[in-house]
Amino acid sequence: LGAARLAERDPLRVANAVLLALALRYTRKFDLARDSAERAVALAVATHGASPPHPRVIEARSVYARALADTGELARGISMLEAAAAETRALLGARNLQAGVLVQNLVDYRLDWGELDLADANAAQALDIIGGNVAHESMSYALTLHTRAMAHLARRQGADALAGATRALGLIE
């Protein structure tokens with residue numbers, strides 16, 4: 001039996017394109033991930049439209065933003081990730097878990113870019129949002145505590161970094 005092909009604008013095709021870009025990113029094939037994510041954004045926009053943004057369009061843009069940052073285009077990646085977080089807040093609410101995750105994703109890139117105060121502000125915001133959505137004993141919360149500790153460390157706030165890292169470690173042991 002021959003495999004059936006999905007229509008060009010089938011939502012499943014969009015979901016698969018985003019998944020492929022993520023898989024390439026997680027396997028550290030950053031250039032391929034960037035190119036794949038760019039195609040995923042184009043496909044998502046063609047399928048769902050650009051305005052108002054559909055959750056799949058936002059997701060594709062956030063994956064593309066991270067891929068850009070991973071390949072050295074930090075300013076462009078940060079800008080796109082900020083936009084994806086703002087669109088998520090507008091669509092799903094300011095306290096939505098996905099919005100918190102997108103804000104948390106900004107922290108590492110801001111630290112790399114040298115935006116230490118903004119990284120710390122994003123880490124605090126992410127901790128507040130994610131902490132309001134997940135159990136404080138969860139791995140997700142531990143990761144968010146770790147992210148905040150990294151921001152404290154980058155700002156040379158050793159005592160706060162140590163407290164946060166110790167608390168995160170206590171959750172995962």
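A: The model is a predicted one. Its largest pocket has a lining of 17 residues, and Val-101, Gln-104, Asn-105, Leu-143 and Thr-147 are the ones nearest the centre. Two or more lining residues come from each of α3, α5 and α7.

Q: Which residues lie nearest the centre of the second largest pocket?

A: They are Ile-58, Glu-59, Ser-62, Gln-98 and Leu-102, out of 15 lining residues. The volume of this second largest pocket is about 200 Å³. Its lining takes at least two residues from each of α1, α3, α4 and α5, and α3 provides the largest share, with six residues. By class, nine of the lining residues are nonpolar, four are polar and two are charged.

Q: How does one read the sides of a helix, and which residues of α7 are buried?

A: An α-helix has 3.6 residues a turn, so residues three or four places apart point the same way. In α7, the buried residues are Tyr-141, Ala-142, Thr-144, Leu-145, Thr-147, Arg-148, Ala-149, Ala-151 and His-152. These buried residues pack against α5, α6 and α8 (158-172).

Q: How can the length of α7 be checked, and what follows the helix?

A: One compares an expected span with the distance between the ends. With 1.5 Å a residue, the 16 residues of α7 should span 22 Å, and the end C-alpha atoms lie 23 Å apart, so the two agree. After α7 comes Arg-156, which has a positive phi near 65 degrees.

Q: Which residues have the most contacts inside the largest nonpolar core?

A: Leu-81, Leu-102, Tyr-109, Tyr-141 and Leu-145 do, in a core of 19 residues. The elements that contribute two or more residues to this core are α3 (55-70), α4 (74-92), α5 (97-113), α6 (116-131) and α7 (139-154). Of these, α4 gives the most, with five residues. There is also a second, separate core of 18 residues, with Ala-17, Leu-22, Leu-24 and Ala-33 among them.

Q: Is Arg-25 buried or exposed?

A: One reads this from relative accessibility, for which values under 20% count as buried. Arg-25 has 13% relative accessibility and therefore counts as buried. This residue lies in helix α1 (residues 11-26).

Q: Which residues does Arg-25 touch, leaving aside those up to four places away in sequence?

A: Arg-25 touches Phe-30, Ala-33, Arg-66, Ala-67, Asp-70 and Tyr-109.

Q: Where is His-54 found?

A: His-54 is in the loop between α2 (30-48) and α3. Its relative accessibility is 29%, so His-54 counts as partly exposed. Separation in sequence and distance in space are read as two values: His-54 and Glu-87 are 33 residues apart in sequence, and their C-alpha atoms are 9.2 Å apart in space.

Note on methods:
Residues are numbered from 1 along each chain as its sequence is written. This is a predicted model: local features need pLDDT of at least 70, side-chain atom pairs count only at pLDDT 80 or more; totals for chains, interfaces and linings use all residues. Side-chain values use heavy atoms; hydrogens and water are left out. Helices (H or I, at least four residues) and strands (E, at least two) are DSSP runs, numbered from the N terminus. Buried means under 20% relative accessible area, exposed over 50%, partly exposed in between (1.4 Å probe, protein chains only). Contact means heavy atoms within 4.5 Å. A nonpolar core is a set of buried Ala, Val, Leu, Ile, Met, Phe, Trp, Tyr and Cys residues joined through side-chain atoms within 4.5 Å. On a 1 Å grid over the protein atoms alone, a cavity is a set of points where a 1.4 Å probe fits but cannot get out, and a pocket is an open set with protein on both sides within 12 Å along at least five of seven lines; lining residues have an atom within 4 Å of a point. Grid points are joined across faces, edges and corners, and a volume is the space filled by probe spheres set on the points. Ala, Val, Leu, Ile, Met, Phe, Trp, Tyr, Cys and Pro count as nonpolar, Asp, Glu, Lys and Arg as charged, and the others, Gly among them, as polar. The expected span of a helix is 1.5 Å times one less than its number of residues.
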